[in-house]
Amino acid sequence: MNVLEINNIHKSYHLADGTVLPVLNGINATFVPGEFVSIVGESGGGKSTLMNIIAGLDSDYLGDVSVNGHSLKQMNERDLDQYRRENIGFIFQSFNLISHLTILENVLIGLEMTTLTHSDQVEKAQHLLAEVGLDKRENVYPNQLSGGQKQRVAIARALATDPQIIIADEPTGALDEQNTQEILKLLDTIATKGKLVIAVTHSQAVADYGTRIVHLDHGILDRDEILRKPYSVVTQSSTLKGRHFRFRTIIQMALKHMQRNFGTNLLITLGGAVGIFSVVLMLALGRGIGGYIGHEISGNLNPTTSEVTHKAKDGNDAAVQMTPKDVYKLKGLPHVTKVEKGFFMPSVQVQYHGRNVSTSYSQTFNRTFLRKNLIKGQNPTRTNTIVLSRDIAKKYNKHHYQALLGKKVTVYVNATDMHQRPVLLKKKVNVVGFTKSSNTAVLSWQTVAKMAKDQNVELKPTFLAVTVNQLKDVKSFEAQAKKLNYKLTGVGSYINTINQYVTLASYVLAGIAAISLIVSAIMIIVVLYISVGTRTKEIGILRALGVRKSDIRTLFVSEAMILGILYSAFGLVLAELSGLAINIVAKNFVHYSIIQVVPGYMIFAILTGVIISLVASWAPARKAAKLDPIEALSYE
Ligand SMILES: Nc1ncnc2c1ncn2[C@@H]1O[C@H](COP(=O)(O)OP(=O)(O)OP(=O)(O)O)[C@@H](O)[C@H]1O
């Protein structure tokens with residue numbers, strides 16, 4: 001039957017000057033359900049200290065407290081949290097409602113730590129508010145209520161989890177006469193329902209209202225007066241099964257608080273977003289510029305094909321011939337997919353209708369030529385065909401140069417015979433296309449070889465066009481070829497090198513931009529520290545209601561995380577939008593998306609935001625979790 005037994009409690013405080021202040025000097029008492037006990041005594045007599053011990057908020061004492069036969073001394077911190085959640089309801093002199101939660105949400109805090117479904121929790125909270133006469137006002141905030149109304153909310157909150165013991169510290173201390181009577185009536189009703197109500201009071205009138213008065217003097221229980229019999233308990237009301245805060249509840253609380261501090265959080269979000277925006281924009285710009293350079297260079301020439309010659313001693317590469325052995329050696333290098341014979345033609349003369357036009361520099365067709373360079377027609381892959389550059393064709397017909405398509409022209413090509421004597425090769429060939437490149441004519445190797453053969457000259461290649469599998473293979477191929485003493489004129493390796501520099505530059509710029517992220521991290525730290533300071537009381541209330549230390553930590557970390565995700569997302573949207581705008585403008589000049597925000601950057605940005613928030617919130621969240629609940633509750 002005994003609900004609460006207090007056995008020989010001794011408690012002393014160790015003061016800062018090294019002295020020991022004994023407060024409780026061996027308290028013994030037993031309390032039963034249905035009692036409305038008033039604890040009275042001189043100020044400083046140890047009443048609140050005893051209450052804190054009974055409530056499981058203070059475990060630094062000698063003696064023992066047992067509740068339903070369970071010793072509090074045997075409980076660790078988490079057990080005590082659970083004990084408070086399931087067995088204790090608090091009512092304070094200064095109400096201690098959480099100001100940024102509605103009164104319904106205040107009552108729901110305790111209920112959210114039960115196994116009830118959410119709708120049952122809400123229903124029960126509404127019912128409790130109705131019982132204390134506050135139905136229809138459930139969505140107002142505490143500061144919209146009178147003192148008496150606030151204390152009713154506190155009573156509803158204390159009753160939420162159906163605890164067996166209600167601890168009320170000066171419950172009417174801040175109320176006028178009428179409200180005092182109403183609150184006392186409520187407390188008495190609670191006792192009639194089989195709860196043990198223990199109220200600390202200085203008022204004799206309040207003390208007389210209860211069923212029993214316990215008097216403390218200098219740490220001794222010197223008087224224990226039974227005024228009335230305890231209310232008989234017909235059926236002991238069941239306590240709800242408790243559980244710790246759900247993660248969802250913590251997030252909702254974090255969001256509620258953030259909403260309350262909208263202005264501050266908006267500023268942090270803006271600050272962080274600018275950091276993320278700058279970093280992402282720099283990375284996207286680096287990628288865009290790299291891509292643009294590659295696009296521009298490889299737009300004119302195929303970057304995976306390199307032209308390979310021997311290093312000529314006199315500098316005239318065109319004169320050095322490539323042998324079948326060279327073809328064999330190059331074919332054997334890793335990643336090489338094709339080796340084509342090629343012939344440099346310093347000058348090709350094109351004759352049409354008796355008119356001669358000379359090209360300045362030409363070479364036989366190979367894979368370095370891109371089809372997209374063709375304005376019209378096709379590449380000269382078939383024998384006896386030629387592709388002329390637009391400017392050469394225009395020399396025959398300025399306005400309708402394409403009229404030359406399909407016409408036969410005579411070409412003259414300089415070559416040398418086996419004795420290195422110059423020979424002029426000549427052939428009638430078909431114009432099959434026009435290229436954007438300037439001042440050139442393109443014939444296939446087979447065409448030039450056939451022209452030579454017609455004059456009993458065997459054409460020897462002066463270069464080989466070597467194609468590798470992918471752009472990333474170009475560098476290693478070129479390194480190998482150079483080792484074999486070949487000379488290379490591929491564009492792929494230039495693209496690679498330029499891209500490396502551009503990437504490096506964009507990383508440096510992104511790094512500089514990231515400094516603003518450090519500033520945003522510091523802002524989060526400062527704001528969270530301030531928040532721990534201003535919410536000390538709230539933390540005390542939550543801890544008194546049985547919220548675990550780890551949940552308090554999660555609450556603060558969640559706020560920082562939400563901020564991190566918010567500002568990363570906002571920064572990303574900014575980067576995307578400015579990227580779009582810059583690309584629209586840039587396309588008029590470069591016909592290329594110069595800002596390229598890829599999914600990888602988005603993941604990077606969100607991760608950065610989350611990690612910065614985690615790191616920034618670590619110390620403030622730890623400080624919040626470590627607050628002593630008694631000190632936090634008495635924080636002014
Ligand atoms: N954390 C603490 N550190 C040092 N001394 C403390 C601490 N808390 C309370 N005391 C001292 O212990 C004594 C008892 O305090 P307590 O608050 O329990 O008294 P009380 O009877 O509730 O007083 P009141 O009626 O004025 O609220 C007081 O002298 C107080 O100064």
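Trainee: How far apart are the end C-alpha atoms of residues 262–285?
Mentor: They lie 33 Å apart, and the span is 100% helix and 0% strand. This is a predicted model: local features need pLDDT of at least 70, side-chain atom pairs count only at pLDDT 80 or more, and totals for chains, interfaces and linings use all residues. Residues are numbered from 1 along each chain as its sequence is written.
Trainee: Which residues does the UniProt "transmembrane region" annotation cover?
Mentor: The unreviewed entry lists 262–285, 504–531, 552–574 and 594–616. Such annotations may be inferred rather than shown by experiment. Residues 504–531 are 96% helix and 0% strand, with end C-alpha atoms 40 Å apart.
Trainee: Which residues of helix 15 are buried?
Mentor: L517, S520, A521, I524, V527, L528, S531 and V532. Buried means 20 or more other C-beta atoms, placed from the backbone, within 10 Å of the residue's own; exposed means 12 or fewer.
Trainee: Where do they sit around the axis?
Mentor: They cover an arc of only 140°, going by directions from the helix axis to the C-beta atoms, which puts them on the same side of helix 15. On the other side, I515, I518, V519, I522, G533 and T534 are exposed.
Trainee: New topic. What surrounds the ligand?
Mentor: The shell includes Y13, L15, K47, S48 and T49.

Conventions
Helices (H or I, at least four residues) and strands (E, at least two) are DSSP runs, numbered from the N terminus. A residue is near a molecule or strand if its C-beta atom, placed from the backbone, lies within 6 Å of it.
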